[in-house]
Amino acid sequence: MRYLLALPGILLAVAGAALGGGPSGDPAHETGVPHVESIEPTGQDVEVEVERIVVEFSEAMNTSLDDVAQLRHGEEVVADHGTWNAAGTNLTLELAEHLEYNTTYTVFVNTTATNATGTLLDGDGDGIQEGADDVHEATFHTARPPPIPTQPAPLNPWIVLGIVLVTLLVIYAAVRLRPD
Ligand SMILES: [Ca+2]
């Protein structure tokens with residue numbers, strides 16, 4: 001009986017070990033090979049009023065390069081003005097205008113991006129430098145347009161006329177049938 005009572009606990013312990021006991025999923029990144037840490041915004045329902053895209057790199061980058069990252073809508077490049085933080089790790093793309101509703105945008109980080117010492121970007125973050133194949137891209141989707149407030153439906157003139165006629169008939173009948 002004691003063993004039976006202990007069984008659920010043993011099963012939980014075994015399941016816990018199976019789920020959590022493996023090696024942690026984050027591959028060790030080679031130091032000195034830059035990769036993209038994060039890109040904001042991300043996900044669905046991004047506000048179209050978003051003013052900037054921020055690309056965070058794992059280390060100080062060569063900030064003198066042009067077009068390190070671009071925001072694209074299909075083949076079209078969205079106009080922006082790129083600025084780096086003092087540490088050279090964050091590239092901010094200030095957008096010239098609002099985005100479109102319900103649209104997928106892609107942030108491309110060019111394979112020509114290098115860190116401050118000239119090492120090319122490991123775009124897919126697998127720790128291996130693969131040259132022109134090592135592109136990094138991330139997508140997000142903008143929110144749907146807000147619903148247009150619906151006007152109350154105008155009254156059908158035939159229904160209005162019908163109501164008026166019926167009312168007049170009722171009044172007429174009431175007057176005619178009134179006992180003297
Ligand atoms: Ca790679």
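A residue counts as buried here if 20 or more other C-beta atoms lie within 10 Å of its own, as exposed if 12 or fewer do, and as partly exposed in between, with C-beta atoms placed from the backbone. The model is predicted, and local features need pLDDT of at least 70, side-chain atom pairs count only at pLDDT 80 or more, and totals for chains, interfaces and linings use all residues. Residue numbers start from 1 along each chain as its sequence is written.

**View 1**
Let us start with the overall layout. The protein chain holds two helices and nine strands, where helices (H or I, at least four residues) and strands (E, at least two) are DSSP runs numbered from the N terminus. Along the sequence the pattern reads α-β-β-β-β-β-β-β-β-β-α. Of the 180 residues of the protein chain, 14% count as buried. Two residues are in contact if their C-beta atoms, placed from the backbone, lie within 7 Å. Among contacts between residues at least 6 apart in sequence, 67% join residues at least 24 apart.

**View 2**
Strands pair here if DSSP finds at least two bridges between them. Four strands make an open sheet in the order β1-β3-β7-β6, with antiparallel pairing. β1 and β6 are the edge strands, each with a single partner strand, so one side of each has no neighbour in the sheet. From one strand to the next, the twist averages 15 degrees; the axes behind this angle are lines fitted to C-alpha atoms, for helices over the stretch in contact, and angles run from 0 to 180 degrees between N-to-C directions. β1 and β3 are joined by four bridges in the antiparallel sense, and Ile 39 faces Val 55 in β3. Between β3 and β7 there are five bridges, again antiparallel, and here Arg 52 stands opposite Glu 94 in β7.

**View 3. The β6-β7 hairpin.**
Thr 83 has Thr 92 of β7 as its bridge partner. Five residues separate the two strands of this hairpin, and Gly 88 in the turn has a positive phi of about 75 degrees.

**View 4. The five-stranded sheet.**
A further open sheet has five strands in the order β2-β9-β8-β4-β5, with mixed pairing. At its edges are β2 and β5 (76-78), each pairing on one side only. On average, neighbouring strands of this sheet are turned by 35 degrees against each other, direction ignored. β4 and β5 run antiparallel and share three bridges; one of the residues to look for is His 73, whose bridge partner in β5 is Glu 76.

**View 5. The largest nonpolar core.**
A nonpolar core is a set of buried Ala, Val, Leu, Ile, Met, Phe, Trp, Tyr and Cys residues joined through C-beta atoms within 7 Å. The largest one has 18 residues, of which Ile 53, Val 55, Ala 69, Val 107 and Val 109 touch the most other members. At least two core residues come from each of β1 (36-40), β3 (52-57), β4 (69-73), β7 (90-95) and β8 (104-109). Leaving aside residues up to four places away in sequence, Val 109 touches Val 36, Val 55, Val 68, Ala 69, Leu 121, Gly 123 and His 136.

**View 6. His 141 and its surroundings.**
His 141 belongs to strand β9 (residues 136-142). With 15 C-beta neighbours inside 10 Å, His 141 is classed as partly exposed. Its contacts, not counting residues up to four places away in sequence, are Gln 44, Val 46 and Thr 104. The C-alpha atoms of His 141 and Val 46 are 6.0 Å apart, although the two residues are separated by 95 residues along the chain.

**View 7. Backbone details worth a second look.**
Most residues other than glycine have a negative phi, and most peptide bonds are trans. The peptide bond from Glu 40 to Pro 41 is cis, with omega near 0 degrees, and Pro 41 sits in the loop between β1 and β2 (43-46). Asp 45 counts as exposed, with 11 C-beta neighbours inside 10 Å. Asn 102, also not a glycine, has a positive phi of about 50 degrees and lies in the loop between β7 and β8.

**View 8. Helix α2.**
None of the 20 residues of α2 is buried, so this helix lies largely in the open.
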